[in-house]
Amino acid sequence: MKRLKFCSVAFGCVCTMMLLIGCGKSNTPLSTAESSAVKDSVSKMVAHIGTDVSTHGPAAWINYFENNAGFFMSSDGALAFKDYPSAKSFTLGTVVKNFKKISLGWKNLRVDPLTATYASLGADFHEDISMANGPKQSIDGYFTATAHFDGSRWRLRNMNWAIKTPAKPVR
C-alpha cells in the first residue's frame with residue numbers, strides 16, 4: 001500500500017514538473033525584435049486580406065481561415081461558423097453567389113503579440129458590398145481575431161465581427 005501511495009505521489013510530481021517546464025517556454029516574453037516581427041507580419045496579413053477580398057471577392061477569405069478543428073467565427077453575439085468546413089461551405093456556396101463585390105478597408109489596426117506564433121488583433125472596418133441582385137450596402141464595425149502562424153504563414157484561428165448600428169435618438 002505504501003509503495004502504491006509513493007508511486008502515485010511520484011507520478012503526480014513528475015506530471016507537475018513536466019507541466020511547469022512545458023508552460024515556462026510559452027510564457028517567456030517576446031523580445032522587442034520578436035514582438036515587432038509578429039506585429040509587422042500580422043499587419044501585412046490584415047492588409048492582404050483587405051486587398052484580396054476587394055480584388056477577388058469573398059472567396060478570398062478562405063485563404064485566411066485556419067483549416068483546423070479550432071477555427072470558429074462569431075458575429076454580433078452569435079456563432080456564425082462552428083468550424084472551418086462550415087465557413088468554407090457557406091462562403092463558397094452562398095456568399096460568393098449573393099455578393100457581387102466587396103470593398104473592405106481597415107482603420108486603427110491593433111496587433112498584440114501573444115507568442116511568436118499567436119497574436120490578438122482588432123480593427124475598425126468599413127465594407128461597401130454590392131449585392132448580386134443590385135442593392136449596395138455600407139457596413140461599419142469592429143473586427144477582432146486571433147491569428148496563428150501555422151509554420152508557413154499567418155491565418156485566422158477565430159474571428160468576431162461587431163457591426164456598428166446607427167445611434168438611436170435619446171428621449
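Tutor: Contact here means heavy atoms within 4.5 Å, and the model we are discussing is a predicted one.

Student: Which residues does Ile 139 touch, not counting residues up to four places away in sequence?

Tutor: Ile 139 belongs to strand 5, and with a relative accessible area of 16% it is buried, because buried means under 20%. Leaving out residues up to four places away in sequence, the residues that Ile 139 touches are Phe 125, His 126, Glu 127, Ile 129 and Ile 163.

Student: How many Å apart in space are Ile 139 and Lys 164, C-alpha to C-alpha?

Tutor: Along the sequence, Ile 139 and Lys 164 are 25 residues apart. In space, taken from C-alpha to C-alpha, the separation of Ile 139 and Lys 164 is 7.7 Å.

Student: In what order do the elements of the protein chain run from the N terminus on?

Tutor: The protein chain contains three helices and six strands. Read from the N terminus on, these elements follow the order α-α-β-β-α-β-β-β-β.

Student: What share of the contacts with a separation of 6 or more comes from residues 24 or more positions apart?

Tutor: The protein chain has 171 residues, of which 30% count as buried. Among the contacts in this chain with a separation of 6 or more, the share that joins residues 24 or more positions apart is 54%.

Student: What span would be expected for helix 2 at 1.5 Å a residue?

Tutor: Helix 2 covers residues 32-56, which is 25 residues, and from its first C-alpha to its last it reaches 35 Å. The expected span is 1.5 Å times one less than the number of residues, and for helix 2 the reach is close to that expected value of 36 Å.

Student: Which strands are included in what covers the buried residues of helix 2?

Tutor: The buried residues of helix 2 are Ser 35, Val 38, Val 42, Met 45, Val 46, Ile 49, Gly 50, Val 53 and Ser 54. After the helix comes Gly 57, whose phi is positive, near 85°. As for the cover over those buried residues, it includes strand 3 (99-113), strand 4 (118-131), strand 5 and strand 6 (154-163).

Student: Which residues of the largest nonpolar core touch the most other members?

Tutor: In soluble globular proteins, nonpolar side chains tend to be buried together. The largest nonpolar core here has 34 residues, and those touching the most other members are Met 45, Trp 61, Trp 106, Leu 121, Leu 156 and Met 159. Each of helix 2, helix 3 (84-98), strand 3, strand 4, strand 5 and strand 6 supplies at least two residues of this core.

Student: Which residues does Trp 106 touch, not counting residues up to four places away in sequence?

Tutor: Trp 106 is one of the core residues that touch the most other members. Without residues up to four places away in sequence, the list for Trp 106 is Val 46, Ile 49, Gly 50, Trp 61, Ala 123, Asp 124, Phe 125, Phe 143 and Trp 161.

Student: Which element supplies the largest share of the lining of the largest pocket?

Tutor: About 490 Å³ of space lies in the largest pocket, and of the 23 residues that line it, Met 73, Val 95, Phe 99, Glu 127 and Trp 161 lie nearest its centre. Strand 1 (72-75), strand 2 (78-81), helix 3, strand 3, strand 4, strand 5 and strand 6 each give at least two residues to the lining. The largest share, five residues, comes from helix 3.

Student: Which residue's side chain does a polar contact of 2.3 Å join to that of His 148?

Tutor: His 148 lies in strand 5 (residues 136-149), and because its relative accessibility is 14%, it counts as buried. Apart from residues up to four places away in sequence, His 148 touches Glu 66, Thr 117, Tyr 118, Arg 153, Trp 154, Arg 155 and Arg 157. The side chain joined to that of His 148 by the polar contact of 2.3 Å is that of Glu 66.

Student: Is Asn 108 buried or exposed?

Tutor: Most residues other than glycine have a negative phi. Asn 108, in strand 3, has a positive phi, near 55°. Because exposed means over 50% and the relative accessibility of Asn 108 is 59%, this residue counts as exposed.

Methods:
Residues are numbered from 1 along each chain as its sequence is written. This is a predicted model: local features need pLDDT of at least 70, side-chain atom pairs count only at pLDDT 80 or more; totals for chains, interfaces and linings use all residues. Side-chain values use heavy atoms; hydrogens and water are left out. Helices (H or I, at least four residues) and strands (E, at least two) are DSSP runs, numbered from the N terminus. Buried means under 20% relative accessible area, exposed over 50%, partly exposed in between (1.4 Å probe, protein chains only). A polar contact is a pair of N or O atoms within 3.5 Å; within protein, one must be able to donate a hydrogen and the other to accept it, and residues adjacent in sequence count only if both atoms are side-chain atoms. A nonpolar core is a set of buried Ala, Val, Leu, Ile, Met, Phe, Trp, Tyr and Cys residues joined through side-chain atoms within 4.5 Å. On a 1 Å grid over the protein atoms alone, a cavity is a set of points where a 1.4 Å probe fits but cannot get out, and a pocket is an open set with protein on both sides within 12 Å along at least five of seven lines; lining residues have an atom within 4 Å of a point. Grid points are joined across faces, edges and corners, and a volume is the space filled by probe spheres set on the points.
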